Amino acid sequence: MTRERILLHGLRQSTVGHTAAGLWRHPDSQAHRYRELSYWVETAQLLERGRFDALFVADALGPLDTWQGSVDAALRDGIQTPTDDPLLSISAMAAATERLGFAVTVSSTYERPYQFARKLTTLDHLTDGRIGWNIVTSALDSAARNLGLDQQLPHDQRYLLAEEFMEVVYRLWEGSWEDDAVVRDAAAGVFADPARVHPIAHAGEHYRVPGIALSEPSRQRTPTLYQAGTSRAGQAFAGKHAEGVFLSTYEPAGARALADGVRAQAVAAGRDPSTLKFLSIATVIVAPTDAEARAKLADYEQYASVEGALARWSALMQLDLSQLDLDAPLEHVETDGIRGMVDLFTRIDASRTWTPREIARFVGVGGGGPLFVGSPATVADGLERWIEQAGVDGFNIADPVPPVTFRDFVELVVPELQRRGRVWREYDGETLRERLQGAGQERVRDDHPAAAWRRAGTHA
Ligand SMILES: Cc1cc2nc3c(=O)[nH]c(=O)nc-3n(C[C@H](O)[C@H](O)[C@H](O)COP(=O)(O)O)c2cc1C
């Protein structure tokens, strides 16, 4: 077995019910504290204590209103509704930590690239190179409607728009200011040398940005880039742009297939595929013994909400599952979306009869990925086996009973993984990119498309 370090990201959203609907009702859950700065600061410090590489903050720009065509179920269970902005707590977390990275979700479909580039550069300044961007194209009709459209742009068109968005932000981040443009020469009265700051003159199909970047370059220049596309267009996008790729599958073979698909796209884009790092969603319920861990899971399961889970899945699939009989086997339903769902769950367990209610129970605590339950040694064995079988680099650890599930992981699993040489005891490198690409690699690699916009006078 290889003994490579396992990458660890913590997965959160600024909301009450994220991966596991209903669990906010557990007496130990502090999910309702998502509005408090102290909740985020404590989380960041906890993850840094566990030597996590980064906190990944997911986001959605509209309420979940697909189930029964209404937002009621999402509101009742607090599933991603309400949800706060993911960017605004980052500075406070950065001030309370030294090395933890922050991968934050922002939609290329609804931002404007000029102001967005400045926002992320600002965060890269304030975190001293610890910011990452999870690029999403967004999939909720509710977001489109509330942001001024009658309905969403078609799926592949959102990715085309994202392509141009990336070109604009790369040009702003890499191609506007030379490294030594800021001279800060008080005697000569020159802060920045105008000859070394260049307008990007972008005039494309969707965006026109004639001017210079408004921010001077930050430590990483381009923030560390993440993506989680699974469609053809999504995989091509990830292969071209992503440095970290988030995966959501229930069995390692599925993760391997997705990762291989993205790696092939990276090769097609002229990149070294080994520099893309893959992180599988996982939920870990751990206790000193296997029996105690199973009891903990049984306790959590009592709080899982079937309606909430199905409402979440309905939004993910943009398909109202309330139209189905919750206790009828899904294989009898003949629509493309449902077929995909049946295939997915049949691959997990072909012997089981999958009804909507069974699926809701299955994902009740584990959300969008595998559930590892047991003692620290049992969990570490399971995580190592998954890494081996899926050919991925690490995990995006969910926190269904925040912050208890994170804390259990940090206190019980991390020491076991450290003992096995799979999690480091001290961080190496300072910026987020160095976590993924190795110490010394603060800027995008030369084979990344952002590097094409570098000017003479800027350095990798
Ligand atoms: C682990 C993971 C996290 C994701 N987080 C978000 C998110 O925070 N916000 C969002 O709008 N989409 C999120 N997505 C959705 C993806 O960006 C993507 O749209 C989805 O996987 C479907 O792929 P496609 O866009 O190629 O069709 C996430 C997906 C995965 C697998």
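Helix α4 gives the most to the lining of the second largest cavity, with four residues. Helices here (H or I, at least four residues) and strands (E, at least two) are DSSP runs, numbered from the N terminus. This is a predicted model, where local features need pLDDT of at least 70, side-chain atom pairs count only at pLDDT 80 or more, and totals for chains, interfaces and linings use all residues. Residues are numbered from 1 along each chain as its sequence is written, and side-chain values use heavy atoms, with hydrogens and water left out.

**Cavities and a pocket**

Let's stay with that second largest cavity for a moment. Its volume is about 90 Å³. It has 14 lining residues, and T121, L172, W173, A213 and S215 lie nearest its centre. The elements that give two or more residues to this lining are α4 (113-126) and α6.

What counts as a cavity, and what as a pocket? On a 1 Å grid over the protein atoms alone, a cavity is a set of points where a 1.4 Å probe fits but cannot get out, while a pocket is an open set with protein on both sides within 12 Å along at least five of seven lines; lining residues have an atom within 4 Å of a point. Grid points are joined across faces, edges and corners, and a volume is the space filled by probe spheres set on the points. The idea is simple: rolling a probe the size of a water molecule over the atoms shows where empty space is left.

How many cavities of 30 Å³ or more does the structure hold? There are four. The largest cavity has about 120 Å³ of space. It is lined by 16 residues, and the closest to its centre are V16, H18, D399, P400 and P402. Strand β1 (residues 7-13) gives the most to this lining, with three residues.

Then there is the second largest pocket, with about 300 Å³ of space. Of its 15 lining residues, E4, R5, K277, V392 and D393 lie nearest its centre. Helices α13 (376-390) and α15 (432-437) each supply at least two residues of the lining.

Ala, Val, Leu, Ile, Met, Phe, Trp, Tyr, Cys and Pro count as nonpolar, Asp, Glu, Lys and Arg as charged, and the others, Gly among them, as polar.

| Lining | Nonpolar | Polar | Charged |
|---|---|---|---|
| Largest cavity | nine residues | five residues | two residues |

**Around the ligand**

Which residues come nearest the ligand? Of the 16 around it, they are D59, H155, Y159, A228 and S231. Here, a residue is near a molecule or strand if one of its heavy atoms lies within 4 Å of it. By class, the shell has seven nonpolar, eight polar and one charged residue.

Now for some atom distances. A nitrogen atom of the ligand is 2.7 Å from a backbone N or O atom of D59. Y159 has a side-chain N or O atom 2.5 Å from an oxygen atom of the ligand, and a backbone N or O atom of A228 lies 2.7 Å from a ligand oxygen atom. On its own, the ligand has 610 Å² of accessible area, and the protein covers 77% of that. Such areas come from the Shrake-Rupley method with a 1.4 Å probe; for residues, only the protein chains shown count as cover. Elements β2 (54-58), β4 (131-136) and α6 (155-174) are the ones that give two or more residues to the shell.

The whole structure has 21 aromatic pairs. One of them is Y159 with F237, a tilted pair at 5.7 Å centre to centre with 55° between the planes. Rings of Phe, Tyr and Trp (its six-membered ring) pair if their centres lie within 6.5 Å; planes under 30 degrees apart count as stacked, over 60 as edge-to-face and the rest as tilted.

T81 and P82 are joined by a cis peptide bond, with omega about 5°, and P82 lies in the loop between α2 (72-77) and α3 (90-95). Another cis peptide bond joins P402 and P403, with omega about -5°. A201 is not a glycine, yet its phi is positive, about 50°.

How values were computed:
A polar contact is a pair of N or O atoms within 3.5 Å; within protein, one must be able to donate a hydrogen and the other to accept it, and residues adjacent in sequence count only if both atoms are side-chain atoms.
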